[in-house]
Amino acid sequence: MQNIKNKNASEWRRKLVRFVTLEDSKSWKLLFYPGRWILLLLTMVPTVYALWLSLYSYNLAKANRREFVFLKNFADVLTDSRFWGAFSVTAKFTICSLLIELVLGMLIAHCLTKKIYGKELVQIIIILPMIMTPVVVGLIWKMFYDAEFGIISYYFQALTGGSLNILGNSSTSLLGLIIVDVWEWTPYVALILLAGMQALPAEPYEAVQVDGATGFQTFRYLTLPLLKPSISVAVMFRFMDLFKWMDTIYIMTGGGPGTSTETLSYYAYMNNFKFLEVGYAAAMCLVMLVVVLIICNTIGKKVLLKGE
Amino acid sequence: MGLKAKRRLTTTITNIFIWCCAFVCAYPIWWMISTAFKDRVDAFAVPPTYLFTPKTDNFAAVLSSGNFMSAYKNSLIISISTCLLALLLGIPMAYALARFKVPNKSKTMMWLLSTKMAPAILIAVPYYIIYQKIGMTGTYIGMIMVYLIFNLAFTVWMLKGFIESVPGELNEAARVEGASRLKAFFKVEVPLMKGGIAATAILCFITVWNEFLLALVLTSSRTQTTPVAIQNFISFEGIRWGEIAAAGVLVAAPAVILGVAVRKYLITGLTMGAVK
């Protein structure tokens, strides 16, 4: 009896040691579960809470008057003209920035495959904008655009004689923000595409050279299709950032003048922290979450999980 | 025009174009640094003066502002803690996903990705109210928890790639010699991916260091981080450009220096390992 007990105990001990030293095929649970449960808790709690909040008409300023309204907030979001205005600003901003960054990035990446004097130094300089603190970037450009003391307004006036107040004018303010984003993120797109270009196979290029294809034809019918995976990576990651983008807006325009630079993130921020309409803000956030999840699960899967 | 001349012309044009781009990237940064060293008169001069006697008054003003220096300390505490915690939880998760048969692996990876990609405002709204209710607004631990959401997913994606790039046979070889899998991990994989782990940690640090929205709504004046504190220089008597520039240099410097140090891994990191 004693013997069996001892045997059992030592069997247990052996199993435990195997489990802890990762020899067991179930050892992944030990490695995986702590992080997963913490992350699940940290993400599920706010999501569930937001879901609950979104069913109430709840203004923080009148905290005692919380009223269950079921799906009314969602209906309100979808019929709110300011929401659709923010949606269109987000769409304009995203599409314009993305297109400019892709074209310019492609050009820069192409040039970087050629012989460049001081290439190492160039590659260090062009990563500076993307690692700079976004708030600092916003402040620098705000000073550049300043109608009175900004150098952009100064040189514009020196060249054309007209005055320029990019951020103070609702027809140009979004353009001003697009320029900042292009400055900050074109190098990022360029470097993604450069990595793709450097991995291109040499044989097809030798073949088309023999056939006497022009530079443009080579680019259009060979490079572009071969680069598709890199382009999708760049588009996806830029899209995700542009969609949620708001640091620079907060610093530079505060959504204005009027609502000319108010994006979805910024409008949600205003609802929650300025108008204190928490229930409504939560509903808006959930609508945005659905959009992100759909995109993430369709494009993201294709782009990032090759063969898994 | 001969072929050689044509080629030389192309090289010249490419070089001019690339250096113009580099100039455009560098100019705003150079401008900030030079403004930081200017006095009030030079800082507001239009057109900007390119020759001036550098003065360190702005830096002295920033460094003597207790508010800003405590924000610097807060930023360091929050960034470094998040970074360490993300590695502590992330390395085992990444190892499990890279080397074990974890059920629903691709679903798990997509779930991790979606936590990283969710707009920060989604986290900010519920956490703001939760923290208000349980009294966690303006605590370090509260900030570290929300930053962990973004950075744990990133750490796992990044490190999984690095672990997979170490051939499994090396681990097997060490185990044949009697080492356990755990020991083999520290003896074989860790030394080979030291650079990768360091890069992951640094990118994690930069992300937290640069983050603004969550810091804006979830910190109190006591735990404010630098991106929020820098706005204190925008006062009622107007914006103090010189001091903002000096503060900007101090805020951006750690991110820029560390970012340049790991530039080999920068694009890999910013694309969650999709670009090698």
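The contact between the chains takes 79 residues from chain A and 76 residues from chain B, with two residues in contact if their C-beta atoms, placed from the backbone, lie within 7 Å. This is a predicted model, in which local features need pLDDT of at least 70, side-chain atom pairs count only at pLDDT 80 or more, and totals for chains, interfaces and linings use all residues. Residues are numbered from 1 along each chain as its sequence is written, while chains are lettered from A and ligands numbered from 1 in the order in which they are written.

**Chain B side of the interface**
- Helix H1 (residues 3-36) of chain B gives the largest share of the side that touches chain A, 13 residues.
- That side of chain B has 61 nonpolar, 12 polar and 3 charged residues (Ala, Val, Leu, Ile, Met, Phe, Trp, Tyr, Cys and Pro count as nonpolar, Asp, Glu, Lys and Arg as charged, and the others, Gly among them, as polar).

**H2(A) against H4(B)**
- Helix H2 (residues 28-54) of chain A packs with helix H4 (residues 66-99) of chain B at an angle of about 130 degrees, the axes being 8 Å apart.
- H2(A) is therefore oblique to H4(B) (under 35 degrees is roughly parallel, over 145 roughly antiparallel, 65 to 115 roughly perpendicular, and the rest oblique).
- Residues of H2(A) including Trp28(A), Phe32(A) and Arg36(A) meet residues of H4(B), among them Leu89(B), Met93(B) and Tyr95(B).
- The residues of this contact of H2(A) with H4(B) are 10 nonpolar, 2 polar and 1 charged.

**Domains of chain B**
- Chain B is divided into domain 1 (3-36) and domain 2 (66-270), with bounds from an automatic or database domain assignment.
- The C-alpha centres of these two domains of chain B lie 33 Å apart.
- Their contact takes 4 residues from domain 1 of chain B and 6 residues from domain 2 of chain B.

Technical notes. Axes fitted to C-alpha atoms, helices over the stretch in contact; angles between N-to-C directions. Helix = DSSP H or I, 4+ residues; strand = E, 2+ residues; numbered from the N terminus.
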